[in-house]
Amino acid sequence: MNAEGDVAPQGGQGYLFVMGTFQCVRCGQPGARISAPPLPNELGNRLYDQVCQTCWQDWLREQTAIINHYGLNLMDPKARAFLMEQTEGFFFASRSE
Ligand SMILES: [Zn+2]
């Protein structure tokens with residue numbers, strides 16, 4: 001028996017956090033979490049806490065398309081900052097719509 005977190009409210013806010021459960025902020029599914037923070041910064045920690053592996057893989061494909069589309073040079077701090085904005089927008093911006 002699991003004394004805590006075994007009854008998760010359903011049908012409420014899509015990103016409600018309940019102890020012991022994980023729900024992806026993007027797809028809303030209780031999928032598998034990323035195995036480690038994918039970026040060495042605060043955003044990486046948020047992704048690790050809130051995004052499932054499937055959505056992260058979706059983003060990696062999208063990110064490759066963005067890098068190619070804009071011809072980003074990831075040695076350039078501005079290019080990296082732009083990509084961080086895109087990353088954050090991909091996962092978190094849609095929440096306010
Ligand atoms: Zn997901």
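Which pattern does the chain follow, read along the sequence? The pattern is α-α-α. The secondary structure comes to three helices and zero strands. Helices (H or I, at least four residues) and strands (E, at least two) are DSSP runs, numbered from the N terminus. The model is predicted: local features need pLDDT of at least 70, side-chain atom pairs count only at pLDDT 80 or more, and totals for chains, interfaces and linings use all residues. Residues are numbered from 1 along each chain as its sequence is written.

Helix H2 covers residues 53-70, 18 residues in total. From first C-alpha to last, H2 reaches 25 Å. That is close to the 26 Å expected at 1.5 Å a residue, where the expected span is 1.5 Å times one less than the number of residues. Just after H2, Gly71 takes a positive phi of about 60°.

Helix H3 spans residues 77-92. The axes of H2 and H3 come within 11 Å and cross at roughly 140°. Axes are lines fitted to C-alpha atoms, for helices over the stretch in contact, and angles run from 0 to 180 degrees between N-to-C directions. H2 and H3 are therefore oblique to each other (angles under 35 degrees count as roughly parallel, over 145 as roughly antiparallel, 65 to 115 as roughly perpendicular and the rest as oblique). On the H2 side, Trp59, Glu62, Gln63 and Ile66 take part in the meeting. Their partners in H3 are Leu83, Gln86, Thr87 and Phe90. Two residues are in contact if their C-beta atoms, placed from the backbone, lie within 7 Å. An α-helix has 3.6 residues a turn, so residues three or four places apart point the same way.

Of the 97 residues of the chain, 9% count as buried. A residue is buried if 20 or more other C-beta atoms, placed from the backbone, lie within 10 Å of its own, exposed if 12 or fewer, and partly exposed in between. Val51 counts as buried because 24 C-beta neighbours lie inside 10 Å. Val51 sits in the loop between helix H1 (42-50) and H2. Beyond its neighbours within four places in sequence, Val51 is in contact with Cys24, Val25, Arg26, Ile34, Trp56 and Phe91. Val51 and Pro30 are 21 residues apart in sequence and 9.6 Å apart in space, C-alpha to C-alpha.

Ile67 lies in H2. Ile67 is partly exposed, because 16 other C-beta atoms lie within 10 Å. Twelve residues separate Ile67 from Ala79 in sequence, and 8.9 Å separates them in space, C-alpha to C-alpha.
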